[in-house]
Amino acid sequence: MRACVAAPVHVLAVAGLLAPCALPAAEEKSGLTEIVVTARKRVENLQEVPDSITAFGAAQIDERRLNRIGDAIALTPNVHMISDQDAATNIITVRGIGTNRNLASAVAFVVDGVVLPDSDAFTADLTDLERIEILKGPQGALYGRNAIAGVINLTTRRPTDELEGELKAGFSSGETADLFGAVSGPLVKGRLLGRLTARYFDSDGLLRNTFNGRNIDHDRNSKVTGRLIWNATDALTFDLRGSRYEQDSGALYFSAFDVLGTTGGRITEEMARVGPNQNEPGFTDRTITDASLVAEYAAPFGTFTSITAYDQVDI
């Protein structure tokens, strides 16, 4: 489900609270600003929608440096995320409902209308976002069986009608370097629009293993994203999007001790074979490749949407 909140007030009402958001302009009636959402895939007043929605607009994403979904979840009430063991392993809990590790997620992760099925890709880089929307509670009617806890809906920046570019560079603690660049504009005026982005992140980390003197939270990743929007006619639009993400980062070892007592306190043969070498740091090598094609046809009586997607996660 998607949420839109109008400017110029830039606010979103969530369960009686106010949170920042920046979306299209709203109308004012009797001195009050109407907050418009599309959580049920149609434009509605938020007061008439029985859903709890927290949204972050482009300005908030940039100002708060929400580069990964964990950054937004940390600012969202009743939503919790644990990045466990390595960069690809995560557990998201919404209102106490979550998923055991290595099982299908109970939270639907949606990027530009395309559901990402593998939770190992949820913690990838999210640079170049237009909006983050976090919905709490079951959303299976619109997003399928893996949305019993809620939905994380991401909207990336669309290609622009005018040629524009962007370049950002940063340096911080842990010998961390962060570079981002984007170029966007028309390939065929009014018909074919394109956007290309690239990001490189390199950090030595801040957590040192006192046994061998090496940092265990180093992270080096890069991501390239391309997007084409073809307005074939006034009613027919094709949206083609693809990206590739590569990451080399630190990780923790499994513990051979049965901490939770899941085996009745016994050390199984499989656990006994685990012999972590503390002289070598843990690591995560992850490559995520995805592509999607969304076709929309606006008929006089409704809109038909076709979504074709491909995702591959190599760890």
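The side chains of Asp112 and Arg241 meet in a salt bridge, with 3.4 Å from N to O. One caution before going on: the structure is a predicted model.

The two partners sit in distant parts of the chain, 129 residues apart. Asp112 is in the loop between S10 and S11, and Arg241 is in strand S18. Are they buried or exposed? Asp112 has a relative accessible area of 15%, so it counts as buried, the limit being under 20%. Arg241 has 11%, and therefore is buried by that rule as well.

Arg227 is buried, as is Asp112.

For context, the count of salt bridges comes to 15. One of the others is between the side chains of Lys168 and Glu166, at 3.2 Å from N to O. Lys168 has a relative accessibility of 34% and counts as partly exposed. Glu166, at 25%, is partly exposed too.

Now the backbone of Asp112. Most residues other than glycine have a negative phi. The phi of Asp112 is near 55 degrees, which is a positive value in a residue other than glycine. Asp128 is another case, with phi near 75 degrees. Asp128 is found in the loop between S11 and strand S12, which covers residues 129–136. With a relative accessible area of 11%, Asp128 is buried.

Next, empty space. Rolling a probe the size of a water molecule over the atoms shows where such space is left. How many cavities of 30 Å³ or more does a search of the whole structure find? The search finds one. The largest cavity holds about 410 Å³ of space. It is lined by 31 residues, and the closest to its centre are Val111, Lys223, Arg241, Ser243 and Asp290.

By class, the cavity lining has 15 nonpolar, six polar and ten charged residues.

The largest pocket has about 1,300 Å³ of space. Its lining takes in 49 residues, and those nearest its centre are Asn67, Arg68, Asp71, Arg199 and Phe201. The elements that give two or more residues include helix H1 (58–63), helix H2 (69–73) and strand S15 (176–188). Which element gives the most? It is S14, with six residues. The classes in this lining are 17 nonpolar, 16 polar and 16 charged residues.

Let me turn to the surface. Leu187, Val188, Leu228, Leu240 and Leu293 form a nonpolar patch there, and together they have about 410 Å² of accessible area. Note the units: this is an area in Å², while the cavity figure is a volume in Å³. Leu293 lies in strand S19, residues 282–299. Its relative accessibility is 35%, so it counts as partly exposed.

Strand S19 also holds Thr287. Thr287 has a relative accessible area of 19%, which means it is buried, as the cut-off is under 20%. The C-alpha atoms of Thr287 and Asp248 are separated by 9.0 Å, although the two residues are 39 residues apart along the chain.

Ala108 is buried, at 2% relative accessible area.

To finish, back to the start.

Technical notes:
Residues numbered from 1 in each chain as written. Predicted model: local features only at pLDDT ≥ 70, side-chain atom pairs only at ≥ 80, totals over all residues. Heavy atoms only, no water. Patch = residues over 30% accessible without salt bridge, like charges linked within 9 Å, V, L, I, M, F, W, Y side chains within 5 Å. Areas by Shrake-Rupley, 256 points an atom, 1.4 Å probe, with all protein chains shown as cover. Salt bridge = Lys/Arg side-chain N within 4 Å of Asp/Glu carboxyl O. Helix = DSSP H or I, 4+ residues; strand = E, 2+ residues; numbered from the N terminus. Buried < 20%, exposed > 50% of the residue type's maximum accessible area, 1.4 Å probe, protein only. 1 Å grid on protein atoms, 1.4 Å probe; cavity = no way out; pocket = protein on both sides within 12 Å on 5 of 7 lines; lining within 4 Å. Points joined across faces, edges and corners; volume = space filled by probe spheres on them. Nonpolar A, V, L, I, M, F, W, Y, C, P; charged D, E, K, R; others polar.
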